[in-house]
Amino acid sequence: RSRVSASEIVFWLATLLPFVLLPSYLSLASQIAIAALFALSVDLVLGYAGIITLGHAAFFGIGAYTVGLGLARLGWSEPISGLIAAGLVAAFAGMIAGWFLLRYRGLTLLMLTIATAAMLQEAGNIRSDFSGGYDGLPGLTFDPLLGLFQYDLYSHTNYIYVLVVLAVVFYFVRRIVYSPFGQALTGIRENVRRMHAIGSPVHRRLVTVYAISAGIAGVAGALFTQTNAYVTLTVFDFDTSAKVMVMLILGGTGRLYGPFLGAAVYMLLEDKLSKMSPTFWQFGIGLMLVLAVLFARRGLLGLADTVWRKLARRGAP
C-alpha cells in the first residue's frame with residue numbers, strides 16, 4: 001500500500017492540465033489546491049487519529065497572519081521563508097493547544113476547538129491596531145518567487161507554487177500514514193483503551209500529530225495570504241472550519257485523496273452555484289451534502305470503490 005501506484009502518477013500529471021485546458025481558471029485552481037491542503041491537514045487528525053475538531057481554522061489563520069503581519073509590520077516579503085515560518089509558528093501553537101485540549105474527548109473536545117478559533121479571532125479584533133481587525137491587511141506585495149518568477153494576472157506562478165507545496169506536503173503526510181507512527185494513530189482511532197493497555201504513549205502521539213496537522217494548516221493559510229495578497233480575521237471564522245469538514249465528508253475521511261476530491265467538488269460547486277444564484281447557492285451545497293451522507297457514507301471515493309468492486313465482480317468469469 002505504501003508504494004506509489006500508476007493511478008497516483010496519472011493524478012499528479014493531471015494536475016498540470018489546467019495550464020493547457022483551463023488557463024483562465026488557474027486562480028480558482030490555486031484556491032482548490034489550498035483548500036485540498038487544508039483539508040489534508042484536518043484529515044490527518046480526524047481520519048487517521050480520530051481527533052474530532054471544528055476549530056482548525058485557528059491554525060489556518062495563524063499561518064495566514066504570520067506571513068501577513070511579517071510583511072505589513074516587519075517588511076518580511078520573501079515568500080518561501082515566510083511559508084516555512086508560518087508552518088513552524090502554527091505547529092508550535094498546535095503543540096501547546098494540543099497538550100491541553102487532547103486530554104478531553106468527544107463533544108467537550110469539539111467545543112474546545114471551536115472556542116480556540118473564536119478566542120483568536122476576538123483577540124485579533126481587540127488588537128485591531130496591530131492585526132487590522134476585520135478590515136484586515138490588504139495590498140500585501142511579496143517578492144518574486146525564488147527572486148525570479150513574478151506573480152502574473154492569470155496566476156500561473158501562484159498555481160505552480162501552490163501545486164509544488166501541495167505535492168511536497170502530501171508526500172510527507174503519505175510517509176506518516178504508512179509509517180509505524182501512522183499505524184499507531186490508526187490503533188488509537190480504533191480502540192484507544194487497548195492502545196493504553198499495551199503501553200502506547202497515546203497522549204504524546206496525539207499531541208505530535210495535532211502539531212503536525214496544525215503546521216500543515218498554517219502552510220495552507222500562508223499560501224492563502226500570499227496568493228490573494230490580503231488577509232482578514234474571517235480566516236478564523238467557524239465557516240472556514242465547517243467548509244473543510246464538508247469537503248472531507250464529500251471526499252471521504254481516512255483516505256489520502258479524499259481531501260483532493262472533496263475540495264475540488266465543493267469549490268467547483270460553490271463557484272458555479274454562486275453564479276447561478278448569489279442568494280441561494282448554499283442550498284445546492286446542502287443538498288449535495290445530504291445526498292453524500294445518505295448514499296455515500298464513506299465519501300465519493302468510498303462510493304467509487306464500491307461501484308468498481310461490484311462491476312469487477314460482474315465482469316469476473
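The model is predicted, so local features need pLDDT of at least 70, side-chain atom pairs count only at pLDDT 80 or more, and totals for chains, interfaces and linings use all residues. Residues are numbered from 1 along each chain as its sequence is written, and side-chain values use heavy atoms, with hydrogens and water left out.

Let's start with the whole chain. It has 15 helices and zero strands; these elements are DSSP runs numbered from the N terminus, with helices being H or I of at least four residues and strands being E of at least two. The radius of gyration is 20 Å, close to the 20 Å that the globule rule gives for 317 residues, so the chain is as compact as a globular protein of that length. Here the radius is taken over C-alpha atoms, and the rule is 2.2 Å times the number of residues to the power 0.38. Along the principal axes, the C-alpha atoms fill a box of roughly 65 × 50 × 40 Å.

How much of the chain is buried? Of the 317 residues, 48% count as buried, where buried means under 20% relative accessible area, exposed over 50%, and partly exposed in between (1.4 Å probe, protein chains only). Among contacts with a separation of 6 or more, 79% join residues 24 or more positions apart; a contact means heavy atoms within 4.5 Å.

Now look for the pockets. On a 1 Å grid over the protein atoms alone, a pocket is an open set of points where a 1.4 Å probe fits, with protein on both sides within 12 Å along at least five of seven lines, and lining residues have an atom within 4 Å of a point. Points are joined across faces, edges and corners, and a volume is the space filled by probe spheres set on them.

The largest pocket holds about 1,200 Å³ of space. Its lining has 38 residues, with Phe11, Tyr257, Phe260, Leu261 and Leu301 nearest the centre. Helices that each supply at least two lining residues include α1 (6-14), α3 (26-46) and α13 (258-276). By class, this lining has 25 nonpolar, six polar and seven charged residues. Ala, Val, Leu, Ile, Met, Phe, Trp, Tyr, Cys and Pro count as nonpolar, Asp, Glu, Lys and Arg as charged, and the others, Gly among them, as polar.

The second largest pocket holds about 650 Å³. Of its 27 lining residues, Asp239, Thr240, Lys243, Met247 and Glu270 lie nearest the centre. Elements giving two or more residues to this lining include α3, α12 (238-251) and α13. The largest share, seven residues, comes from α12.

Finally, meet three residues. Arginine 3 sits in the segment before α1 and is exposed, at 74% relative accessible area. Leaving aside neighbours within four places in sequence, arginine 3 is in contact with Glu8 and Arg174. Serine 200, in the loop between α10 (192-197) and α11, counts as buried at 10% relative accessibility. Not counting residues up to four places away in sequence, serine 200 touches Met195 and Arg205. Alanine 229 lies in the loop between α11 and α12 and is partly exposed, at 26%. The phi of alanine 229 is near 65°, a positive value in a residue other than glycine.
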